[in-house]
Amino acid sequence: PPGGHIEPNERADEAALREVCDETGVEATLIGQPAIAIDLPGQPRQLTPPLGIQVTPIAPDHEHIDIIYLATGTPAAAMPDVDWFAPEEWQALDLTEEVNAWCVLAVQRFSVYEQVH
């Protein structure tokens, strides 16, 4: 999965979109609804919430906080080793249990999203 670090003065949602494009060439759009629907001048702007947040141990006394978003996208540029895979193709990809679980959840959530939109 694409990923990286949030740059100074960058929001997590902006970083997610940038990293996906940088690493895959896919122009992504985040999927999700803010918890509240307040969109008024002078009020806090509501952002697309992540699908999940997890902590990944990197080294002793060093952890990364992974912020996982659900998104749709279209390839903007051809990138080597980047492709779309159907669920029946995942086993051949040798995914970790964690990545496989995120993929299963993404397909489930996206199916619900498509029904609503």
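Glu-19 and Arg-18 bring their side chains together in a salt bridge, at 3.1 Å from N to O; the term denotes a side-chain nitrogen of Lys or Arg within 4 Å of a carboxyl oxygen of Asp or Glu. This is a predicted model, in which local features need pLDDT of at least 70 and side-chain atom pairs count only at pLDDT 80 or more, while totals for chains, interfaces and linings use all residues. Residues are numbered from 1 along each chain as its sequence is written, and side-chain values use heavy atoms, with hydrogens and water left out.

Arg-18 also forms a salt bridge with Glu-10, where the closest N and O atoms are 2.7 Å apart. A further salt bridge links Arg-18 to Asp-22 (3.6 Å, N to O). These two residues, Arg-18 and Asp-22, sit four residues apart in helix α1, about one turn of the helix (helices are DSSP runs of H or I with at least four residues, strands are E runs of at least two, numbered from the N terminus). Through shared partners, salt bridges join Glu-7, Glu-10, Arg-18, Glu-19 and Asp-22 into one network. Glu-19 counts as buried because its relative accessibility is 11%, with buried meaning under 20% relative accessible area, exposed over 50% and partly exposed in between (1.4 Å probe, protein chains only). Arg-18, at 24%, counts as partly exposed.

What about the salt bridges overall: how many are there by this rule? The count comes to six.
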